[in-house]
Amino acid sequence: MPEAVLHDGGTIEVEVHGSGPVVLLPVDPRPIEGEQAEEMRKWGADPALGRSLVDGLSDAFRVAAFDYTGHVMAVPKPGTLTPGNVAADLLAVADAVRAERFAYYGYSWLALSGLQLALRTDRLSALAMGGYPPYEGPHAEMLKVTMATYEKALAPPPPSTEPVEPGDWASVQNVPAEAQARQFVTLYEALQDFDDTAVRLTCPRLCFAGSADEIVYAEEWGGTRVDLAGPLSRHRAELEARGWEVAVLDGLDHMGAMRAENALPVLRPWLERVLL
């Protein structure tokens, strides 16, 4: 199994499946099991998301899957998780699988990472972003959320005895460790002067989100409203004029649009059109 050496000297394993044009997928290719899987299902998440995406693409593409989120949570990078270093890590994965040219699909913060990658390399054959808009992205709002999370990590609240209602982001009590939280503050701090409306790319590119993809946090989390679908609808004409293919998935929220059964019908036909 190939291993990529990341910007901090750590390594990450990469599973490679199939043949054809290379597609980098920053997902865990191993299904999550047990209690964690059951909790994920309550929130509408798919514990086998990575495996489902790999299986849905590897008959036509050479899919390189790597659990980047799992890695940064296990080996936090509180001072170095910058856009440039994330892009360097993604390029290191491409190097590890000997892909001079490659497509990339990421969801949520990993979609934002793909945009940063596209700005830093000419090796990208296609870029697909799910669950994070490439135009007027909520960088300021995400900094507020990550700062609130970091502050909670410095002084974690006592465990709540109240049941958490899936879909109610305000009720979430799980607080990451200090270093885990700090690395995302580092990422979004570095994006505060980033003007995504000035970005011009030439590779084929796709963006999509669920029409109900809006997360509203309680006051204790900064009282922040993160609108991830709105920019796609408001700026669809401008995005399409710039060469983006835009899809808004009716009725789906952030977790719903992430699921393989909803993402693949958008992602796979597009990859076939632009790569095969």
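**Exercise 1.** How are H6 and H7 oriented to each other, roughly parallel or roughly antiparallel?

*Solution.* The model is predicted, so local features need pLDDT of at least 70 and side-chain atom pairs count only at pLDDT 80 or more, whereas totals for chains, interfaces and linings use all residues. Residues are numbered from 1 along each chain as its sequence is written, and side-chain values use heavy atoms, with hydrogens and water left out.

Begin with the axes (lines fitted to C-alpha atoms, for helices over the stretch in contact, with angles from 0 to 180 degrees between N-to-C directions). Those of helix H6 (residues 139-154) and helix H7 (residues 178-189), both DSSP runs of H or I with at least four residues, come within 8 Å and cross at roughly 160 degrees. H6 and H7 are therefore roughly antiparallel (over 145 degrees).

**Exercise 2.** Describe the strand order of the sheet and identify its edges.

*Solution.* Strands are DSSP E runs of at least two residues, and two of them pair if DSSP finds at least two bridges between them. On that basis 7 strands form an open sheet of mixed pairing, ordered E3-E5-E4-E6-E7-E8-E11. Strands E3 (15-17) and E11 (244-249) each have a single partner strand, so one side of each edge strand is left without a neighbour in the sheet. From one strand to the next, the twist averages 15 degrees.

**Exercise 3.** Locate the pairing of E7 with E8, and the helix that runs at about 160 degrees to E7.

*Solution.* Strand E7 (residues 124-130) pairs with strand E8 (residues 205-210) in the parallel sense over 4 bridges, and Gly 130 stands opposite Phe 208 in E8. Helix H11 (residues 260-275) lies across E4 (22-25), E6, E7, E8 and E11, running at about 160 degrees to E7.

Conventions:
Parallel < 35°, antiparallel > 145°, perpendicular 65-115°, else oblique. Contact = heavy atoms within 4.5 Å.
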